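Dear colleague,

Please find below the structure that I am handing over to you. My notes on what was found in it follow directly after.

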Amino acid sequence: MQILLSPEDLADGVDRLAREIRRDYDGRPLSIVGVLTGSIVFVADLIRRLDGPVRLHMIQASSYRGTATSPGRLDLRLDLLPDLDGQDVLLVDDIFDTGRTLEAIVAELRRRGAASVKSLVLFRKQGRAEVAIEPDYVGFDIPDAFVVGYGLDYDGCWRQLPHVASLDASELATPRADFLQPCRLP
Ligand code: 5GP
Ligand code: MG
């Protein structure tokens with residue numbers, strides 16, 4: 001594991017994103033839609049830096065299964081989402097990789113009657129996009145590596161790290177890697 005971003009780097013990035021949102025929404029009520037599970041730490045930090053009325057809703061999206069690090073079929077669960085009629089919605093996700101997750105969720109939020117839908121991601125991976133849309137706000141552009149920590153997992157592990165680290169190919173090549181042992185459930 002190699003540390004890509006320290007807790008201080010992450011805090012600076014979240015500060016900057018919060019400043020941009022405060023500037024653009026200027027105290028207007030904002031409905032944040034966070035994407036479980038990877039964005040949970042980030043969303044918690046972000047909303048505490050906003051002023052003005054904020055609502056928070058969570059949905060679930062998953063396209064990774066277990067130790068696979070390439071996207072599979074996208075599974076969206078929106079059952080916790082209320083009616084968004086007329087609301088200004090900000091979708092918050094952890095990573096923009098191929099962009100397929102963001103594209104699908106933005107389309108669904110528009111379909112549900114939001115007055116406006118913007119998107120914000122903590123990370124965007126370089127050279128991976130497969131869609132025409134771009135996120136409206138980006139925390140960090142990162143290299144095309146698999147990353148964990150600050151909410152992001154590998155096979156359910158490492159969400160609790162306060163920093164973000166990349167896993168190298170040899171770590172990912174070991175299906176039951178030693179470094180996952182501490183996370184194994186009985
Ligand atoms: P996309 O649909 O943009 O290809 O994939 C986005 C989703 O894949 C992210 O929300 C995230 O859940 C997952 N993902 C993409 N890259 C990584 C990564 O490097 N590490 C982790 N833990 N998840 C990733
Ligand atoms: Mg995700």
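I begin with a contact between two helices: Val 14, Leu 17, Ala 18 and Ile 21 in α1 meet Phe 42, Asp 45 and Leu 46 in α2, where contact means heavy atoms within 4.5 Å. By class, this contact of α1 with α2 has six nonpolar, no polar and one charged residues. In this scheme Ala, Val, Leu, Ile, Met, Phe, Trp, Tyr, Cys and Pro count as nonpolar, Asp, Glu, Lys and Arg as charged, and the others, Gly among them, as polar.

Please note that this is a predicted model, in which local features need pLDDT of at least 70 and side-chain atom pairs count only at pLDDT 80 or more, while totals for chains, interfaces and linings use all residues. Residues are numbered from 1 along each chain as its sequence is written, chains are lettered from A and ligands numbered from 1 in the order in which they are written, and side-chain values use heavy atoms, with hydrogens and water left out.

The axes of helix α1 (residues 7–25) and helix α2 (residues 40–47) come within 9 Å and cross at roughly 55 degrees. Helices (H or I, at least four residues) and strands (E, at least two) are DSSP runs, numbered from the N terminus. Axes are lines fitted to C-alpha atoms, for helices over the stretch in contact, and angles run from 0 to 180 degrees between N-to-C directions. The two helices are therefore oblique to each other; angles under 35 degrees count as roughly parallel, over 145 as roughly antiparallel, 65 to 115 as roughly perpendicular and the rest as oblique.

The structure also holds two aromatic pairs. The rings of Phe 123 and Phe 140 have their centres 6.0 Å apart and their planes at 40 degrees, so this pair is tilted. Rings of Phe, Tyr and Trp (its six-membered ring) pair if their centres lie within 6.5 Å; planes under 30 degrees apart count as stacked, over 60 as edge-to-face and the rest as tilted. Because Phe 123 lies in strand β6 (residues 116–125) and Phe 140 in strand β7 (residues 137–142), the pair ties together parts that are 17 residues apart in sequence. Both Phe 123 and Phe 140 are buried, that is, under 20% relative accessible area, with exposed meaning over 50% and partly exposed in between (1.4 Å probe, protein chains only).

Phe 146 and Tyr 154 form an edge-to-face pair, at 5.7 Å centre to centre and 70 degrees between the planes. Phe 146 counts as buried at 11% relative accessibility, and Tyr 154 counts as buried at 1%.

Phe 146 is also one of the contacts of Ser 166, which include Met 1, Ala 145 and Glu 171 when neighbours within four places in sequence are left aside. Ser 166 has its place in strand β9 (residues 164–167) and is buried, with a relative accessible area of 10%. Ala 145, in the loop between β7 and β8 (146–148), counts as partly exposed at 21% relative accessibility.

Finally, some backbone features deserve mention. The peptide bond from Leu 36 to Thr 37 is cis, with omega near 0 degrees, and Thr 37 lies in the loop between β2 (30–36) and α2. Tyr 150 has a positive phi, near 50 degrees, and is found in the loop between β8 and β9. Most residues other than glycine have a negative phi, and most peptide bonds are trans.

Yours sincerely
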